[in-house]
Amino acid sequence: MDFLLLLPHGQRVVLEVDGSQHYTRDCGRIPDTTKYAAMVAADRDLRLSGYEVYRFGHDELRDETAARTLLESFLPRLFQHHDVTGRR
């Protein structure tokens, strides 16, 4: 897991940033369905253990300006979804 957010009320959120090594072999040249299957199986295990998983593609975050825009949009929505304001 790349980032773990421990939020109020026992909420646990995992943020993953996936580069091509998560679903390819041979330095990113060949798709690898076995690697992909292992990744989604790990997601299922995390979810069944009470974690919420959000994945980002490496290319979404490569450029600092684009990453900032994406995260400035995503994080407030995530915190609202999990009621981090404490209004629960």
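## Walking through the model

A: M1 sits in the segment before β1, a strand that covers 3-7. Keep in mind that this is a predicted model.

Q: Is M1 buried or exposed?
A: M1 is exposed, because its relative accessibility is 51% and the cut-off for exposed is over 50%.

Q: Which residues form a nonpolar patch with M1?
A: L4 and L6 do. Together with M1 they have about 320 Å² of accessible area on the surface.

Q: OK, step back. How many helices and strands are there in the chain?
A: The chain has three helices and five strands.

Q: What pattern do they follow along the sequence?
A: The pattern reads β-β-β-β-α-β-α-α.

Q: And what does the C-alpha trace span along its principal axes?
A: It spans about 50 × 35 × 15 Å.

Q: What share of the residues is buried?
A: Of the 88 residues in the chain, 23% are buried. The chain exposes about 6,300 Å², and carbon and sulfur atoms supply 55% of that area.

Q: What about contacts between residues at least 6 apart in sequence?
A: Of those contacts, 47% join residues that are at least 24 apart.

Q: Switching to charges. How many positive and negative side chains does the chain have?
A: There are 12 positive and 14 negative side chains. The centres of the two sets lie 3 Å apart.

Q: How many salt bridges does the structure hold?
A: Six. One of them joins the side chains of D32 and R25, with an N to O distance of 3.8 Å.

Q: Is D32 buried or exposed?
A: D32 counts as buried because its relative accessibility is 11%, and buried means under 20%.

Q: Which residue does D59 form a salt bridge with?
A: D59 pairs with R62, and their closest N and O atoms are 2.4 Å apart. Both residues lie in helix α2, which covers residues 58-62. They are three residues apart, about one turn of the helix. Both D59 and R62 are exposed.

Q: Where do R68 and E64 lie?
A: R68 and E64 lie in helix α3, four residues apart, which is also about one turn of the helix. Their side chains meet in a salt bridge of 3.1 Å, N to O.

Q: Why does E64 count as exposed?
A: E64 counts as exposed because its relative accessible area is 57%. R68 has a relative accessible area of 46%, so R68 is partly exposed.

Q: Where is H9 placed?
A: H9 is in the loop between β1 and β2, and β2 covers 11-18.

Q: What is the phi of D83?
A: D83 has a positive phi of about 50° and is not a glycine either. D83 is found in the segment after α3, the helix that covers 64-81.

Q: Is D83 buried or exposed?
A: D83 is buried, because its relative accessible area is 12%, and the cut-off for buried is under 20%.

Methods:
Residues are numbered from 1 along each chain as its sequence is written. This is a predicted model: local features need pLDDT of at least 70, side-chain atom pairs count only at pLDDT 80 or more; totals for chains, interfaces and linings use all residues. Side-chain values use heavy atoms; hydrogens and water are left out. Patches are made of residues with over 30% relative accessible area and no salt bridge: like charges are joined within 9 Å, nonpolar side chains (Val, Leu, Ile, Met, Phe, Trp, Tyr) within 5 Å. Accessible areas come from the Shrake-Rupley method with a 1.4 Å probe; for residues, only the protein chains shown count as cover. A salt bridge is a side-chain nitrogen of Lys or Arg within 4 Å of a carboxyl oxygen of Asp or Glu. Helices (H or I, at least four residues) and strands (E, at least two) are DSSP runs, numbered from the N terminus. Buried means under 20% relative accessible area, exposed over 50%, partly exposed in between (1.4 Å probe, protein chains only). Contact means heavy atoms within 4.5 Å. Lys and Arg count as positive and Asp and Glu as negative; His and the chain ends are not counted. The place of a charge is taken as NZ of Lys, CZ of Arg, CG of Asp or CD of Glu.
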